[in-house]
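User: I would like to learn how to read the packing in a structure like this one. Could we go through it feature by feature?

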Amino acid sequence: MSIDNLAPKHKSTLHDREWEWEGDLLIKSRELVSEGVVVLTLTDPAGAGLPEWSPGAHIDLLLSDGLIRQYSLCGDIHDRRSYRIGVLLDPGSRGGSQFVHDKLQAGGTVRVRGPRNHFRLIEAPEYLFIAGGIGITPMLPMIAAAQAAGANWRLFYGGRTRDSMAFRDELSVYGDRVSIFPQDEVGRIPLISVLSEARDDVLLYVCGPEPLLDAVETGAAHWPADSLHTERFAAKPVDAPADALESFEVVCQRSGISLSVGPDQSILHAVEKAGLKVLASCRAGVCGTCEVDILEGKADHRDTVLSRAERESNEFMLVCCSRSLSPKLVLDI
Ligand code: FES
């Protein structure tokens, strides 16, 4: 199997925190591909190449007045001249998807940052992809990479109705590797049977709404640790551990500044208040932008991005939500 575009096992999912590309991209095309889903194709206005990315990556759209949203790249990783994203109009939109649907039109521009990947496709002989609704977007390049690598794979794709399920035509070329579950016709994805046999040679990749992710986490509880890879749309409540500290000291090693972080404050907030800069986007532990290296001390991880192995490595943390289990935490800031 070729491992082109797949991350080797145990490779860190870190993005390059020292540098992130940012620029205005032209909206080359805008297409309504299913009920409530628009697909935007973005290119450099002068036709220049764009930063490369890998399956599972997302970009930030910097929309207006600090409104930043993340969208998975769902195009061809070999196409270095355009990015493709699919955006579902969320009826409960807090402004992001509404803005994209109402204001972003073909011929206009949009500010883009990234790409960044914390949902990497790790090399494996077999994959089980499970997508709910717009959660299909990161699966498209993953499936293309798995197919190109000669891996075995299956996709279980659920949605409200057939018409609401984007990219069905594109997926039809894969034949019976793809199983579609429009809920109003056939009900939900039968997770109990799909996940019944725990396999140590299969990786599970899941993206979709919270109830689907919760159901897969429960249904795959008997699978080997680190089989399951999820991407969430929203932060999952994370309980504080029994040994959580209310307050602690953060040493920003590169800047030579020490800070005290209180109970109602995030590390990111304290760092910004001290005039230091750490890249941040969602500020809720979902996007992975604010990752920094831990030089000393022990993190109290509260994000919904890092895998169990990454948490246990104690090598890096997301400072918008995570805290410290040691009185002093030394960070590479
Ligand atoms: S800013 Fe998104 S995880 Fe911290």
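**Packing around helix H2**

Analyst: The buried residues of H2 pack against strand E5 (82–88), E7, E8, helix H3 (168–171) and E10. Keep in mind throughout that this is a predicted model.

User: Which residues of H2 are buried?

Analyst: They are Met 139, Leu 140, Pro 141, Met 142, Ile 143, Ala 145 and Ala 146. Because 7 of the 10 residues of H2 are buried, the helix is largely enclosed by the rest of the structure. After H2 comes Gly 150, which has a positive phi, near 80°.

User: What does one find in helix H1 (residues 96–103)?

Analyst: Gly 96, Ser 97, Phe 99, Val 100 and His 101 are buried there. The buried residues of H1 pack against strand E1 (21–34), E2, strand E3 (58–64), strand E4 (67–72) and E5.

User: How should I read a nonpolar core, and which residues of the largest one touch the most other members?

Analyst: In soluble globular proteins, nonpolar side chains tend to be buried together. Here the largest nonpolar core has 30 residues, and those touching the most other members are Tyr 127, Phe 129, Ile 136, Met 139, Leu 155 and Tyr 205. Two or more residues each come from strand E2 (37–43), strand E7 (126–132), helix H2 (139–148), strand E8 (152–159) and strand E10 (202–207). H2 gives the most to this core, 6 residues. Domain 1 (20–116) and domain 2 (126–231) each supply at least three residues to this core.

User: Which residues is Phe 129 in contact with, leaving aside its neighbours within four places in sequence?

Analyst: Phe 129 is in contact with Leu 121, Met 139, Met 142, Ile 143, Ala 146, Trp 153, Arg 154, Leu 155, Phe 156 and Tyr 205.

User: How is the protein divided into domains?

Analyst: The domain assignment gives domain 1 (20–116), domain 2 (126–231) and domain 3 (248–331). Taken over C-alpha atoms, the centres of domain 2 and domain 3 are separated by 32 Å.

User: How do I read a buried charge such as Arg 323?

Analyst: Arg 323 lies in strand E17 (residues 323–324). Arg 323 is buried but has no salt bridge, and the nearest side chain of opposite charge, Asp 300, is 5.4 Å away. A salt bridge requires a distance within 4 Å. The side chain of Arg 323 does reach the backbone oxygen of Gln 265, at 2.8 Å.

How values were computed:
Residues numbered from 1 in each chain as written. Predicted model: local features only at pLDDT ≥ 70, side-chain atom pairs only at ≥ 80, totals over all residues. Heavy atoms only, no water. Helix = DSSP H or I, 4+ residues; strand = E, 2+ residues; numbered from the N terminus. Buried < 20%, exposed > 50% of the residue type's maximum accessible area, 1.4 Å probe, protein only. Lys, Arg positive; Asp, Glu negative; His and termini not counted. Polar contact = N/O pair within 3.5 Å; in protein donor to acceptor, adjacent residues only side chain to side chain. Core = buried A, V, L, I, M, F, W, Y, C linked by side-chain atoms within 4.5 Å. Domains from an automatic or database assignment. Contact = heavy atoms within 4.5 Å.
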